[in-house]
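Work through the exercises below with the sequence and the model open. Try each task before reading its solution.

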Amino acid sequence: MLVLTRLRTPSGPTGPDAAAEDELRQGLLRALAILAAKPGYVGGQVGRNVDDPGLWVLTTRWENVGSYRRALGSYEGKMHIQPLMVHAVDEPSAYEVVEEGTDLNEARPRSIG
């Protein structure tokens, strides 16, 4: 499973806020470290858009959707990751990985499992 979460740096009244940008960057790096320690984590990275530097991405790979959801629901996830999500772009973020020769999942909502 692939999770792609885009986040926008908060802006102040006069434009980009350097302190907020640094805080978001550090928060994303900490979130990645927390997620990397969770069962089912496969890999991940933090990125910044080359054309729009106020747009960031946290990308992670998981063995399955349940592992990802349990990681976010953990104590560390609730305390350190979920507060960052206030800056997330409101869009779906979980994707199944499409590989040659595999069937795609049915188009239906998923539960932890």
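**Exercise 1. The sheet**

Task: How many bridges join β4 to β5, and how do the two strands run?

Solution. Seven bridges join β4 to β5, and the two strands run antiparallel. Keep in mind that this is a predicted model. Next, take individual pairs. Val46 stands opposite Leu58 in β5. Gly47 has Val57 of β5 as its bridge partner. Then widen the view. Four strands make up an open sheet, ordered β4-β5-β1-β6, with antiparallel pairing. Finally, find the edges. These are β4 and β6 (94-95), each of which pairs on one side only.

**Exercise 2. The span of a helix**

Task: Compare the reach of α1 with the span expected for the helix.

Solution. Count first: α1 covers residues 18-36, which is 19 residues. The expected span is 1.5 Å times one less than the number of residues. That gives 27 Å for α1. From first C-alpha to last, the helix reaches 27 Å, close to expectation. Now check the start of α1. There, a side-chain oxygen of Asp17 comes to within 3.1 Å of the backbone nitrogen of Ala19.

**Exercise 3. The buried face**

Task: Which residues of α1 are buried, and why do they line one face of the helix?

Solution. Apply the cut-off: buried means under 20% relative accessible area. The residues of α1 that qualify are Ala20, Leu24, Gly27, Leu28, Ala31, Leu32, Ile34 and Leu35. Look down the axis of α1: the buried residues fall within an arc of 160 degrees, so they line one face.

Next, ask what the buried residues meet. They pack against β1 (2-8), β4 (41-48), β5 (55-62), α2 (65-73) and α3 (75-81). Last, orient the helix: α1 lies across β1, β4 and β5, at about 0 degrees to β5.

**Exercise 4. A loop proline**

Task: Is Pro39 buried or exposed, and which residues does Pro39 touch beyond four places away in sequence?

Solution. Locate Pro39 in the loop between α1 and β4. Exposed means over 50% relative accessible area. Pro39 has 66% relative accessibility, so Pro39 counts as exposed. Now the contacts: leaving out residues up to four places away, Pro39 touches Trp62 and Ser67. Trp62 is 23 residues from Pro39 along the chain, and their C-alpha atoms are separated by 8.9 Å.

How values were computed
Residues are numbered from 1 along each chain as its sequence is written. This is a predicted model: local features need pLDDT of at least 70, side-chain atom pairs count only at pLDDT 80 or more; totals for chains, interfaces and linings use all residues. Side-chain values use heavy atoms; hydrogens and water are left out. Buried means under 20% relative accessible area, exposed over 50%, partly exposed in between (1.4 Å probe, protein chains only). The arc is that of the directions from the helix axis to the C-beta atoms. Contact means heavy atoms within 4.5 Å. A polar contact is a pair of N or O atoms within 3.5 Å; within protein, one must be able to donate a hydrogen and the other to accept it, and residues adjacent in sequence count only if both atoms are side-chain atoms. Two strands pair if DSSP finds at least two bridges between them. Axes are lines fitted to C-alpha atoms, for helices over the stretch in contact, and angles run from 0 to 180 degrees between N-to-C directions.
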